[in-house]
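Please examine the sequence and the structure shown below before reading on.

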2 protein chains.
Amino acid sequence: MQAPRWERRKDARPAELLAAALELFVERGYAATRLDDVAKRAGVSKGTVYLYFPSKEELFKAVVREGLVPLLERGEKMVAEHRGSIAELIRNLVQGWWEGVGLTPYAGLPKLMISECRNFPELGKFYLDEVMARGHKLVRKAVQRGLDSGEFRNLDPEYVARLIFAPLVLMVVWRYSFDFCSASKLEPDAYIQQHLDILLQGLLAPAPGRLRAVRSTAKS
Amino acid sequence: MQAPRWERRKDARPAELLAAALELFVERGYAATRLDDVAKRAGVSKGTVYLYFPSKEELFKAVVREGLVPLLERGEKMVAEHRGSIAELIRNLVQGWWEGVGLTPYAGLPKLMISECRNFPELGKFYLDEVMARGHKLVRKAVQRGLDSGEFRNLDPEYVARLIFAPLVLMVVWRYSFDFCSASKLEPDAYIQQHLDILLQGLLAPAPGRLRAVRSTAKS
DNA sequence: TACATTGCTGACCCGTCAGTCATTAAGTCG
DNA sequence: CGACTTAATGACTGACGGGTCAGCAATGTA
């Protein structure tokens with residue numbers, strides 16, 4: 001009459017374990033997450049974790065892999081297929097990142113990787129190669145198109161690509177660290193719009209016939 | 001004839017322990033740093049650490065306190081005493097931060113706090129109140145002066161202050177995390193100059209008689 | 001030299017947690 | 001139902017590291 005103490009659900013376990021692990025890694029960091037807790041949140045015991053993943057490290061890698069690769073593919077498709085102004089493409093990439101990462105539990109991964117990759121260099125290298133380099137390349141390609149067409153003024157696409165996403169990345173890093181000490185008054189949408197507003201005005205080539213130089217006067 | 005096994009140096013110990021702790025906390029993070037190693041790097045044994053600091057947590061707090069308060073005082077003075085264009089003031093603040101933090105061992109603190117503050121909320125609150133809020137206020141005040149004088153166009157100084165430092169903070173966070181997995185090709189000075197170049201062009205009010213709107217077309 | 005003071009040592013204690021494995025019981029088949 | 005397979009359990013091990021403290025040795029005093 002009573003429910004069985006546990007059920008056999010071989011197919012569903014890995015996904016449930018990955019979801020639980022993502023939550024806890026993001027909440028507490030890699031080192032501070034106990035596999036007992038991951039198991040409990042997934043509704044199993046610790047031994048079960050080891051039926052599906054050979055070690056804590058492999059579990060971590062699986063979480064990162066499952067989460068971000070599909071999003072990168074979406075972004076690459078956007079760059080390849082976009083027609084129209086590059087300013088618009090950049091707005092769309094930022095918006096897509098915000099919806100696909102910023103508003104999902106995967107928003108915790110940047111902070112997680114920043115925190116842990118120095119103590120787990122193999123994981124860091126994996127994330128750098130498979131995620132960051134690929135994302136960066138995608139954005140740089142978009143910027144390059146803006147340079148080629150003359151829509152943007154003459155700037156280094158390497159740096160511009162970083163500058164586009166730096167405020168966004170830092171925002172989600174923030175949310176998963178300091179926001180738990182003190183509620184942030186930051187309104188993400190307004191912040192993003194203001195960033196894009198300033199950035200794109202800064203990038204656009206001046207209208208023909210008018211140049212305003214903004215030069216550094218700092219020494220060195 | 002041989003040197004004594006150890007010497008009494010009551011006055012010098014705390015500073016040496018703080019320096020060793022800063023290095024190791026920055027290298028490995030708070031949780032992963034063993035007090036045995038801090039002691040060894042400072043040339044003493046673990047017991048000695050507990051003669052000068054009541055716990056690992058208090059040691060951590062002391063490190064943060066010693067490092068950043070003097071720098072904030074310098075920045076506040078710069079804002080209060082500056083005469084001339086606000087674009088110039090912002091360049092100077094950024095340059096001062098880069099020289100006083102970015103190029104020193106304290107550049108590791110942002111990554112350290114980001115990594116640890118969620119697991120040590122008391123530390124996070126301390127850093128947020130004593131360091132970040134104070135630094136943010138200082139920058140916001142500078143931006144406000146630019147708005148009041150009409151040098152900048154009409155923007156939210158709260159967000160602008162964040163946008164000024166986001167790329168810089170992320171850069172040092174990077175340096176203390178991913179750079180150990182793969183040498184970065186980033187040239188910090190050029191990156192900073194390009195950031196300021198784009199940002200300040202984005203902030204400046206258009207010359208009278210010419211307006212170019214850069215509006216969002218993304219849906220909400 | 002004898003004695004007192006105290007900065008410093010390092011072996012030890014004890015809680016924690018990744019990883020193991022003997023055991024248990026859910027599901028399956030005849 | 002009984003025999004069998006295997007998903008799942010959870011007590012256990014061993015390593016690790018924060019924190020303690022009894023004793024030692026460097027220094028001061030007479």
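The model is predicted: local features need pLDDT of at least 70 and side-chain atom pairs count only at pLDDT 80 or more, while totals for chains, interfaces and linings use all residues. Residues are numbered from 1 along each chain as its sequence is written, and chains are lettered from A and ligands numbered from 1 in the order in which they are written.

DNA strand C is surrounded by 25 residues, where a residue is near a strand if its C-beta atom, placed from the backbone, lies within 6 Å of it. The closest are G47(A), K56(A), V44(B), S45(B) and G47(B). Two or more residues of this surface come from each of α2 (35-41) and α3 (46-52) of chain A and α3 (46-52) of chain B. Helices (H or I, at least four residues) are DSSP runs, numbered from the N terminus. The most, 4 residues, come from α3(B).

The two chains also meet: 51 residues of chain A are in contact with 51 residues of chain B, contact being C-beta atoms, placed from the backbone, within 7 Å. On the side of chain A that touches chain B, α9(A) gives the most, with 12 residues.

Within chain A, F25(A) touches Y30(A), T33(A), F60(A), V63(A) and L112(A), not counting residues up to four places away in sequence.
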